[in-house]
Amino acid sequence: MAESSVVVGVFEDVDQARQAYDSLRAQGFGADYVSLANPQEMHRPQLDLRYLIEAGIPDEEARFYAQEFSEGHALVTVRVAGLPPASARKAVALLQGHGAYDAHAGRERRGPYAPNIRTEQPSPFFDLTYPEDLAQPASDQPPSHRQEERPE
């Protein structure tokens, strides 16, 4: 089985995906490492396979994720290349803890989750969202989960 420099979590429930994304951010994973792709909010019905493969996801896995996305499932990705292996394991645990599955485990969650992670070399920056998806009118965007800071 091929190695991957990206950990992907597939979620049947978009709220769980958002919670997983928020947990990853709260645990110190930066916005340049974590991405949330919600097919209900994006203007594209499919993900670009070349983009997934260039980001470090093996071809067969990329096809699985593109299919899951086209069926309406949200994806949370974590770029783990260049991170300590403990951080990659932490990302996997957080995703699983929020109900994610990946290409290795499948929807039935029968296989191991993300068994072949490659962390030794940095991978290129990528985000599964597209600029036109981010340029939605404010009324179409989901409410922010962040608390506003108040001056004392």
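Predicted model: local features only at pLDDT ≥ 70, side-chain atom pairs only at ≥ 80, totals over all residues.
**Aromatic pairs**

A search of the whole structure finds two aromatic pairs. In the pair F64 and Y65, the ring centres are 5.5 Å apart and the planes meet at 75°, so the geometry is edge-to-face. F64 also forms an edge-to-face pair with Y101. Here F64 belongs to helix α3 (residues 59–70) and Y101 to the loop between α4 and α5, so the pair ties together parts that are 37 residues apart in sequence. Through these ring pairs, F64, Y65 and Y101 are linked into a cluster.

| Pair | Centre to centre | Angle between planes | Type |
|---|---|---|---|
| F64 and Y65 | 5.5 Å | 75° | edge-to-face |
| F64 and Y101 | 6.5 Å | 75° | edge-to-face |

F64 counts as partly exposed because its relative accessibility is 22%. Y65 has a relative accessibility of 3% and therefore counts as buried. Y101 is buried as well, with a relative accessible area of 0%.

**Charge over a ring**

Another ring, that of Y33, has R79 over its face, at 4.0 Å from the ring centre.

**Contacts of D102**

D102 is located in the loop between α4 (85–97) and α5 (131–134). Its relative accessible area is 2%, so D102 is buried. The side chain of D102 makes contacts with backbone nitrogens: a polar atom of this side chain lies 3.0 Å from the backbone nitrogen of H104, and the side chain reaches the backbone nitrogen of A105 at 2.8 Å.

How values were computed. Residues numbered from 1 in each chain as written. Heavy atoms only, no water. Helix = DSSP H or I, 4+ residues; strand = E, 2+ residues; numbered from the N terminus. Buried < 20%, exposed > 50% of the residue type's maximum accessible area, 1.4 Å probe, protein only. Polar contact = N/O pair within 3.5 Å; in protein donor to acceptor, adjacent residues only side chain to side chain. Phe/Tyr/Trp six-rings, centres within 6.5 Å; stacked < 30°, edge-to-face > 60°. Lys NZ or Arg CZ within 6 Å of the ring centre and 35° of its normal.
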